[in-house]
Amino acid sequence: MPPRGPAQPHPAIGPYSRQTVILDEKHTKLREQPISAIVTDALAEAACPLYAWTRRRLDALWTRIGRRLDWFATLGVTTHWFRHTTITRVEHCTGSYALAAAFAGHQLPGSTGTYINITVADICWAFQQTDYGHHLLAPRSHRHQ
């Protein structure tokens with residue numbers, strides 16, 4: 001299997017024009033995920049350092065920061081910690097377990113999940129509610145409000 005690389009731009013629209021990236025979920029499923037305007041601008045740069053980040057490199061970074069900041073080590077900050085915290089924030093800000101699950105790339109359990117259709121626009125709206133700023137694909141009014 002080829003090594004997992006950074007998320008790639010949306011192939012049908014052009015580099016980052018949708019302010020999203022395509023995530024490769026363990027080489028089995030591709031999904032579109034919103035990103036902030038700041039990250040969009042950074043990824044558009046050919047020399048973006050984010051392209052060189054690997055899981056191992058991030059783990060080493062968290063370890064080094066933890067050595068210097070006691071509170072950081074106490075919290076046990078890892079890449080997964082950031083993911084967990086972000087998904088929890090999405091659920092708290094939107095009040096929707098379904099949106100938080102979709103933001104995380106999870107399927108809703110049981111037969112109810114079959115009837116719930118969360119779109120990319122819904123996920124972008126949820127992203128916007130977490131104070132990450134305006135998102136291009138988020139509708140002005142939303143069914144979850």
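**Helices, core and side-chain pairs in a predicted model**

The secondary structure of this protein comes to 7 helices and 2 strands, as seen in a predicted model.

Student: In what order do the elements of the protein run from the N terminus on?

Tutor: The protein holds helices and strands, 7 of the former and 2 of the latter. Read from the N terminus on, the order of these elements is β-β-α-α-α-α-α-α-α.

Student: What percentage of the 145 residues in the protein is buried?

Tutor: A residue counts as buried when its relative accessible area is under 20%. The accessible surface of the protein comes to about 9800 Å², with 58% of that area belonging to carbon and sulfur atoms. Among the 145 residues, the buried share is 31%.

Student: With which residues is A126 in contact, leaving aside its neighbours within four places in sequence?

Tutor: A126 is one of the buried residues of α7, and it is also among the core residues that touch the most other members. Once the neighbours within four places in sequence are left aside, the contacts of A126 are V90, T94 and L99.

Student: Against which elements do the buried residues of α7 pack?

Tutor: Helix α7 is mostly covered, with 7 of its 10 residues buried. Those buried residues are D122, I123, C124, W125, A126, F127 and Q128. The elements they pack against are β1, β2, α4 and α5.

Student: Which residue just after α7 takes a positive phi?

Tutor: The backbone just after α7 includes a residue whose phi is about 70°, a positive value. That residue is D131.

Student: How far apart are the closest N and O atoms in the salt bridge of R18 with E32?

Tutor: Side chains of opposite charge can pair when their charged atoms come close. The structure has a count of 1 salt bridge, and R18 forms a salt bridge with E32. In that pair, the closest N and O atoms are separated by 2.6 Å.

Student: Which backbone oxygen does the side chain of T40 reach?

Tutor: T40 has its place in helix α1 (residues 37-44), and it counts as buried because its relative accessibility is 10%. The side chain of T40 reaches, at 2.8 Å, the backbone oxygen of S36.

Student: Why is the pair of W62 and F72 tilted?

Tutor: The structure holds 4 aromatic pairs. The rings of W62 and F72 have centres 6.2 Å apart and planes at 40°, so this pair is classed as tilted. W62 lies in helix α2 (residues 55-68) and F72 in helix α3 (residues 70-75), so the pair ties together parts 10 residues apart in sequence. Both W62 and F72 are buried, and the word for their ring geometry is tilted.

Student: How are the rings of W71 and F72 arranged?

Tutor: W71 is exposed, with a relative accessible area of 52%, whereas F72 counts as buried at 8% relative accessibility. W62, W71, F72, W81 and F82 form one aromatic cluster. The rings of W71 and F72 have their centres 5.5 Å apart and their planes at 75°, so the pair is edge-to-face.

Definitions and conventions. Residues numbered from 1 in each chain as written. Predicted model: local features only at pLDDT ≥ 70, side-chain atom pairs only at ≥ 80, totals over all residues. Heavy atoms only, no water. Phe/Tyr/Trp six-rings, centres within 6.5 Å; stacked < 30°, edge-to-face > 60°. Helix = DSSP H or I, 4+ residues; strand = E, 2+ residues; numbered from the N terminus. Buried < 20%, exposed > 50% of the residue type's maximum accessible area, 1.4 Å probe, protein only. Polar contact = N/O pair within 3.5 Å; in protein donor to acceptor, adjacent residues only side chain to side chain. Salt bridge = Lys/Arg side-chain N within 4 Å of Asp/Glu carboxyl O. Areas by Shrake-Rupley, 256 points an atom, 1.4 Å probe, with all protein chains shown as cover. Core = buried A, V, L, I, M, F, W, Y, C linked by side-chain atoms within 4.5 Å. Contact = heavy atoms within 4.5 Å.
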